[in-house]
Amino acid sequence: MFKAISRAKYLRQLYPYKPPSTTIDHLVIGGGAVGLSVAASLVNTSGRDKTTFLVERRGQLGQETTARNSEVIHSGIYYPLGSLKSKLCIRGRDLLYERCKSLGIGYKNTGKIVVATSQSQIPYLQKLQRHSQQPSFLADPNDTESSSISTRFLSGEEARDLEPDLSNSVCGGLLIPSTGIVDSQGLVDSLEREIEDSDYISSSSSASSGGQDRGEGVIVLGTRVVRIDKEEKGHGWVVQLETNWEGLGEGEKGDVESVRTEVLVNAAGLGAVSLTDGVVQDGEMRMYAVKGNYMSYKGPGVDKVSRLIYPCPSANIDHLGTHLTLDLEGHIKFGPDVQIIGTWEEYLANPEFWETHLAPSDSPELISKFAESVLDYLPNINPNNLSPDYSGIRPNIAPPNSGFSDFMIRHDQSRKGFIELLGFNSPGLTSSLAVGEYVSGMINRDIHGRYSRLGEGRERRLNELAEGWEG
């Protein structure tokens, strides 16, 4: 019976409707960088009479998508103008650097070079540079520095002057100074403090300080959502939360509490589509899990590397190539690759099926493939020194090989108060603070009938980003 129906429908049978025992204003599902940012922004902007709860099914925050990425602060250069990824990445990049500086979160503005190893790739770099010069329309319109992406075109010789380990076959490059790396756990810890500690932000110079508008924030760990119902009489949502659920056998239940919330934000990452399926149940939304492996490297051929180095990406921008990244200690890793895992039917029946795929692949074929990709632009590495490091899973909502897929931030008026954040793959970490800004602005305007401190002009510009990108 279990595999004959979706997991969401199975849970609705296992957990019948339960009247709420308490009422809150906002409930955010998911304790990754995106969910934490939404909750923090709601606490800061929705008013001192509002309470925001964030529930995370794991015992710690940021343990799934947030903990398993390259920790790159992306520039926003790859994504189509007008897309949420482009706008929110650029805005999020600026907010992230600002936050790191003001709150002491570990980061490094390394810059990066996208390299061409054949003349046929030069037109792509030129196109990428032209694209970077378009205004973002998201930051202050008078701030021209942050409303476009600074780049510099390099000849092969200039690229090797900056990065001497590059291959002689590199015939051009695009330098992007705004790319960097960040301590993702440091960001998670900072957002956790912002939600629960009223003095944390107000004592700093951060622009996101809550001041008199600040409400109450609460984080609840080890708690999963098992059922969501639209309130029959009223405009809220009834959500059943289960604790002590880990390790239970099929059909067994932990401790279940039902709460009513005026606003429900689904920021559950890899579990978000399943939660939506439990509410919408129209088969419209699907999730296609994609695994990305990373390889660590210690050895020759990278001694002088100081920046991130990316090859030209695939034509569909669904994969940025097997690139070189650094961590804050200077350790080098390569990746990610792209591996399709499972099927939609597997996810539908078991949204956690991806957990069995988390171990990084150590197959000789994969290591050889990594080596071939890297040797194209770093010819002096020793392939024998590549070592499987870790892997991450992307919550894609577009089928494999379908090209660019945008973030989805959906607030259907037929489901007022239910905000869906779907498809938050790369550059989700970079965009997270801007997502919080955008979603809290949407909630304050459309549900609470008030504008946030962003101001009416910017609020309107942020709202316009979603138009045409919700379906």
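Colleague: Among contacts between residues at least 6 apart in sequence, what share joins residues at least 24 apart?
Modeller: That share is 75%. Keep in mind that this is a predicted model.

Colleague: Okay. How many helices and strands are there?
Modeller: The protein has 12 helices and 20 strands.

Colleague: And what percentage of the residues counts as buried?
Modeller: Out of 471 residues, 57% are buried. As for the surface, the protein exposes about 19200 Å², and 46% of that comes from carbon and sulfur atoms.

Colleague: Let's talk helix packing. How do α2 and α6 cross?
Modeller: Helix α2 covers residues 33-45 and helix α6 covers residues 184-196. Their axes come within 9 Å and cross at roughly 25 degrees. Angles under 35 degrees count as roughly parallel, so α2 and α6 are roughly parallel to each other.

Colleague: Is that crossing left-handed or right-handed?
Modeller: The crossing of α2 and α6 is left-handed.

Colleague: Which residues meet there?
Modeller: From α2 you have Ala33, Leu36, Ser37, Ala39, Ala40, Val43 and Asn44. They meet Leu187, Val188, Leu191, Glu194 and Ile195 of α6. By class, the contact of α2 with α6 has nine nonpolar residues, two polar and one charged.

Colleague: What does serine 37 touch, leaving aside its neighbours within four places in sequence?
Modeller: Serine 37 is in contact with Leu191, Ser432, Leu433 and Gly436. Also, the C-alpha atoms of serine 37 and valine 435 are 7.2 Å apart, although 398 residues separate the two along the chain.

Colleague: Then tell me about α11. At what angle do α3 and α11 cross?
Modeller: Roughly 100 degrees, with the axes of α3 (residues 84-103) and α11 (residues 428-446) coming within 6 Å. The range for roughly perpendicular is 65 to 115 degrees, so α3 and α11 are roughly perpendicular to each other.

Colleague: And who makes that contact?
Modeller: On the α3 side, Leu88, Cys89, Arg91, Gly92, Arg93, Leu95, Leu96 and Arg99. On the α11 side, Leu429, Thr430, Ser431, Leu433, Ala434, Val435, Glu437 and Tyr438. The contact of α3 with α11 splits into nine nonpolar, three polar and four charged residues.

Colleague: Switching to the backbone: is the bond from serine 426 to proline 427 cis or trans?
Modeller: The serine 426 to proline 427 peptide bond is cis, with omega near 5 degrees. Proline 427 sits in the loop between β20 (418-422) and α11. The bond from glycine 335 to proline 336 is also cis, with omega near -5 degrees. Proline 336 is in the loop between β16 (332-335) and β17 (339-340).

Colleague: What is phi at glutamate 71?
Modeller: Near 60 degrees, a positive value in a residue other than glycine. Glutamate 71 is in the loop between β2 (51-56) and β3 (72-73), and is partly exposed at 21% relative accessible area.

Colleague: And where does asparagine 401 lie?
Modeller: Asparagine 401 is in the loop between β18 (386-396) and β19 (408-410). Asparagine 401 has a positive phi of about 65 degrees, although it is not a glycine. At 70% relative accessibility, asparagine 401 counts as exposed.

Notes. Residues are numbered from 1 along each chain as its sequence is written. This is a predicted model: local features need pLDDT of at least 70, side-chain atom pairs count only at pLDDT 80 or more; totals for chains, interfaces and linings use all residues. Side-chain values use heavy atoms; hydrogens and water are left out. Helices (H or I, at least four residues) and strands (E, at least two) are DSSP runs, numbered from the N terminus. Buried means under 20% relative accessible area, exposed over 50%, partly exposed in between (1.4 Å probe, protein chains only). Contact means heavy atoms within 4.5 Å. Accessible areas come from the Shrake-Rupley method with a 1.4 Å probe; for residues, only the protein chains shown count as cover. Axes are lines fitted to C-alpha atoms, for helices over the stretch in contact, and angles run from 0 to 180 degrees between N-to-C directions. Angles under 35 degrees count as roughly parallel, over 145 as roughly antiparallel, 65 to 115 as roughly perpendicular and the rest as oblique. A crossing is left-handed if the near helix is turned anticlockwise from the far one by less than a right angle, and right-handed if clockwise. Ala, Val, Leu, Ile, Met, Phe, Trp, Tyr, Cys and Pro count as nonpolar, Asp, Glu, Lys and Arg as charged, and the others, Gly among them, as polar.
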